[in-house]
Amino acid sequence: MVILAASLLAINPVNAAQTCKFVGETKGVDGKQSACVRVNGNYQLINYPKKKVNQLSNYEKTKLKAYQEIRNAISKKPLQNIQLRYFISENLSSELKKEFIQKTEIASQLYDQFFTQPEIVNVYFQTSKDQAFIRNHPIMGKDASFFDQWFKEWNSGKSTGDLIGLIAKYTEFDGKAQGHTGVLLSAKSSKATFGMYTQQVVAHEYFHVIQDRYKYQRDKEGYEISPTGFDLYYPPMFREGSANTIATAVSMKSFEDYLLFYQIFISQNTGTWSPKILNEQTSTKKVIDTLKQIEYSKRFPDAHWAAYPIGSLVFEWFIAEYGFETYKKLIFNQEKEIPFEENLKQAAGINLDQLYAKAAPHVLAGFKGSKRTT
Ligand SMILES: [Zn+2]
């Protein structure tokens, strides 16, 4: 048998005649997707064929472990605590409605264990034609101006590839604390206009509700006005990065799609159009330096952005190494109102420097294996 190098096995361009138009565009059914990358100006579809475990690279083995840890924690029983309340726009296509509900339901099967009593989670799927609903909503209305620019874009027929977070909050509503999660999109969007990254947005926003439930009391007190205030407790790599880790595992229908998702995600965040810092992940030392640099989102302009791809790899490694139960402790410990480093010590017995040093080789492998968008 001929043994191919792991990098050759990892990415197989499918039928050369089959072209694609934008990075992240997907073809095929969920679970067996191909997705589009752009290398030297050429658009190309790639996919990950099914492989035996012993054919996986070390990087892929770590990913498999994390993926299985999270997937195995998805309950098959009826929901015990979460009560979903949907607010779905009539302007949303039936195809996307079905998809978003399905993503919400599978996420609920995982997130239910984070609740200890019955609680309401309001779920909003709204479109560019639903400005009035958003503006008149008692919670969303307050931040509605944030979406002005988006509505402008959508009204001129642009940005049909974007699925954005509409709300992700755990806050008082009807006199009781409830979850609120939702997404917003152009009424002209369809599965065909969306890139692969959007496939985790519904579960991602929803996961912020889980995180926020455990910092609810702290949120009420407020945070010191300093560059470190909020991030000292919930650094962006934990908040955004781990929301990505969880949402991606719960949203993908096969491990092959999961590998493909990460390839697309990191390819979109490296190359010609990406911040310098994301193109500089070339050694474990540089990864460690970057992890320190992005601890606080206000430290430099790209810190928050960088926290998504880098943080999602850090917590993927963390869950592979310590298990989903230990990750859950990080979420629960937020209630103790302790800085993240203290939380990490209590949950996993390591400090931040140890986390960075241990996770760095995995982060590096993810970036080194990226196709890069050029
Ligand atoms: Zn987020």
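Q: Quick one before we start: when are two residues in contact?
A: When their C-beta atoms, placed from the backbone, lie within 7 Å. As for the source, this is a predicted model, where local features need pLDDT of at least 70, side-chain atom pairs count only at pLDDT 80 or more, and totals for chains, interfaces and linings use all residues. Residues are numbered from 1 along each chain as its sequence is written.

Q: Is Asn 269 buried or exposed?
A: Buried, because 23 other C-beta atoms lie within 10 Å (buried takes 20 or more, exposed 12 or fewer, partly exposed in between, with C-beta atoms placed from the backbone).

Q: How far is Asn 269 from Arg 372?
A: The two are 103 residues apart in sequence, but 7.5 Å apart in space, C-alpha to C-alpha.

Q: Switching topic: how do α11 and α12 cross?
A: The axes of α11 (residues 303-322) and α12 (residues 324-332) come within 6 Å and cross at roughly 125 degrees. So α11 is oblique to α12 (under 35 degrees is roughly parallel, over 145 roughly antiparallel, 65 to 115 roughly perpendicular, the rest oblique). Axes are lines fitted to C-alpha atoms over the stretch in contact, with angles from 0 to 180 degrees between N-to-C directions.

Q: Which residues make that contact?
A: From α11, Phe 318, Ile 319 and Tyr 322; from α12, Phe 324, Thr 326 and Tyr 327. By class, five are nonpolar, one is polar and none is charged (nonpolar is Ala, Val, Leu, Ile, Met, Phe, Trp, Tyr, Cys and Pro; charged is Asp, Glu, Lys and Arg; the others, Gly among them, are polar).

Q: How do β3 and β4 pair?
A: β3 (residues 34-39) and β4 (residues 42-47) are antiparallel, over five bridges (pairing takes at least two DSSP bridges). Val 37 has Gln 44 in β4 as its bridge partner. The strands form a hairpin with two residues between them, and Asn 40 in the turn has a positive phi of about 50 degrees.

Terms used: Helices (H or I, at least four residues) and strands (E, at least two) are DSSP runs, numbered from the N terminus.
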